[in-house]
Amino acid sequence: MSKASRIARVLADLGPRYLPFADAATKELPLGRLLRLSLFQVTVGMAAVLLIGTLNRVMIVELDVPAWIVAVMLSLPLLAAPFRALVGFRSDTHRSVLGWRRVPYLWFGTLLQFGGFAIMPFALLILSGDTTGPIVVGQVAAALAFVLVGAGLHTTQTVGLALATDLAPAHARPKVVALLCAMLLAGMMASAVVFGLALHHFSAIRLIQVIQGAALATLVLNGIALWKQEPRDTSRKAVPARRFGQAWGTYAAQPQARRRLVAIGLGTAGFSMQDILLEPYGGQILHLPVAATTALTAVLAIGGGLGLLTAARWLNRGGDPFRVAAAGAVVGIAAFSAVVFAAPLGSGGLFTCGVALIGLGGGLFAHGTLTASMAGAAPEQAGLALGAWGAVQATAAGAAIAASGILRDLGSALAVSGRLGEALAQASTGYLVVYHVEIGLLFATLVAIGPLVRRPDRAPLSARPALS
């Protein structure tokens, strides 16, 4: 064996041992192809950061758009979330002359995102009133832009996950899920840094450049992601069409399918209510500086990454995905307890530990439930199953975030007015009400997951035949 061959073999052995997620590669789905496929998650993370993070602040602070209009605009992408199951079903049953099922929907989702981003900056400038055009044009155009981006984002992620399920063998799916979730986090973190630097010196021209740059990046990255991924099979065009209601009835008739979706919704809501409250809580209640509260996003992401790695290793050893999800809920209960106790103790360190544990628990829960959804679906229903997972998760997260703001304001108003008693007449009461509700939701999640957890004498989920 030559020296170059020995070096190549050593490097190949080092990859699965030391590089995160390198062991997700298989003969059917090599690492290079898998990493290329995972780029669709990068664009999803980029869109999420741009909508929820960057534009949220820019619209209110720099463009002086009323906060209620911003809230309505940011909620519009969630309108597409309940249709993820339908999109997944359509990608399962699509009859293409070219022999593709997933690729057409991935491409149309990409075009929807591109179109939304292309018109968004001009719509926002009209919406801000910094033009001579009628304001109603800006409102309608901005609403259309947010709806297009939301529809494209949900379509791309649903069909991309279904394509990954098609390509990855059953034994490698837990590791593939971990890699895809990690790429979503990586896309969010990298986009947050790039957008922050690009808009450091804000101007209308710079806003247009950033958003249209995101549109171009979405088109290019998703094009690279889907290139030569799905094999063509022209025999699919002869498959008789099915109705969505019939397919949904078959899926819902599977043992514990509805309970699984209930558990996903409860757990997602339990982990999501804190999304808009952690930084204000750290600044207003614990008096942390701006730099410290800004770093919470990184702490949360690091915890989420550790959760994904832990879940991947656990499942790779034959673990039950529902047990992994239940462990995530338990970690979440401990995490929110730490956040609650940080207020009376005035401990920023305890609060930071709690935030890291929220990320850890959320990573375990998301990985476990997504793997269970992938493994429990028949091959011809992968898109429907993952669409149902995505629809429940996105809808529950959006509803939880909206409810958290209402509960926080209501709790604070009652506390300040003295209606809850002298002991609770504190600024932290509104936040603590939300965190206690989250703990209650995570306990309810454990109750829902309990019957789903595999008994020790049963075979691993990945080794069982898919239900049909």
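Contact here means heavy atoms within 4.5 Å of each other. Keep that handy, along with the ground rules: this is a predicted model, where local features need pLDDT of at least 70, side-chain atom pairs count only at pLDDT 80 or more, and totals for chains, interfaces and linings use all residues. Residues are numbered from 1 along each chain as its sequence is written, and side-chain values use heavy atoms, with hydrogens and water left out.

Let's begin with the overall picture. The chain has 18 helices and 0 strands; these are DSSP runs numbered from the N terminus, with helices being H or I of at least four residues and strands being E of at least two. Of the 468 residues in the chain, 49% are buried. Buried means under 20% relative accessible area, exposed means over 50%, and partly exposed is in between, using a 1.4 Å probe and protein chains only. Among contacts in the chain with a separation of 6 or more, 82% are between residues 24 or more positions apart.

H5 is mostly covered, with 8 of its 10 residues buried. Those buried residues are Arg84, Ala85, Val87, Gly88, Phe89, Ser91, Asp92 and Thr93. What lies over them? The cover includes helix H6 (103–127), helix H7 (135–167), H10 and H17.

H10 and H17 also meet each other. The axes of helix H10 (residues 244–252) and helix H17 (residues 382–416) come within 11 Å and cross at roughly 80 degrees. An axis is a line fitted to C-alpha atoms, for helices over the stretch in contact, and angles run from 0 to 180 degrees between N-to-C directions. H10 and H17 are therefore roughly perpendicular to each other. The cut-offs are under 35 degrees for roughly parallel, over 145 for roughly antiparallel, 65 to 115 for roughly perpendicular, and oblique for the rest. On the H10 side, Phe244, Ala247, Trp248 and Tyr251 make the contact, and H17 brings Leu384, Ala385 and Ala388. By class, that contact has 7 nonpolar, no polar and no charged residues. For these classes, Ala, Val, Leu, Ile, Met, Phe, Trp, Tyr, Cys and Pro count as nonpolar, Asp, Glu, Lys and Arg as charged, and the others, Gly among them, as polar.

Now for another helix pair. Helix H14 (residues 296–316) and helix H15 (residues 321–345) pack at about 150 degrees, with axes 10 Å apart, and H14 and H15 are therefore roughly antiparallel. H14 passes H15 in a right-handed crossing; a crossing is right-handed if the near helix is turned clockwise from the far one by less than a right angle, and left-handed if anticlockwise. Here Ala311, Trp314 and Leu315 from H14 meet Pro321, Arg323, Val324 and Ala327 from H15. The residues of this contact split into 6 nonpolar, no polar and 1 charged.

The aromatic side chains come next. How many aromatic pairs does a search of the whole structure find? It finds 5 aromatic pairs. Rings of Phe, Tyr and Trp (its six-membered ring) pair if their centres lie within 6.5 Å; planes under 30 degrees apart count as stacked, over 60 as edge-to-face and the rest as tilted. Phenylalanine 271 and phenylalanine 365 form a tilted pair, 6.0 Å centre to centre with 40 degrees between the planes. That pair links distant parts of the chain, with phenylalanine 271 in helix H11 (residues 257–272) and phenylalanine 365 in helix H16 (residues 348–375), 94 residues apart. Both phenylalanine 271 and phenylalanine 365 are buried.

Tyrosine 281 and tyrosine 435 pair edge-to-face, at 5.1 Å centre to centre and 90 degrees between the planes. Tyrosine 281 sits in helix H12 (residues 278–284) and tyrosine 435 in helix H18 (residues 429–449), so the pair ties together parts 154 residues apart in sequence. Tyrosine 281 and tyrosine 435 are both buried. Together with Phe336, Phe351 and Tyr431, Tyr281 and Tyr435 form one aromatic cluster.

Finally, a few single residues. Threonine 218, in helix H9 (residues 204–226), counts as buried at 0% relative accessibility. Neighbours within four places in sequence aside, threonine 218 is in contact with Thr43, Met46, Thr110, Gln113 and Phe117. Lysine 228 lies in the loop between H9 and H10, and at 66% relative accessibility lysine 228 counts as exposed. Lysine 228 has a positive phi of about 55 degrees although it is not a glycine. Histidine 287, in the loop between H12 and helix H13 (290–294), also has a positive phi, about 60 degrees, without being a glycine. At 64% relative accessibility, histidine 287 counts as exposed.
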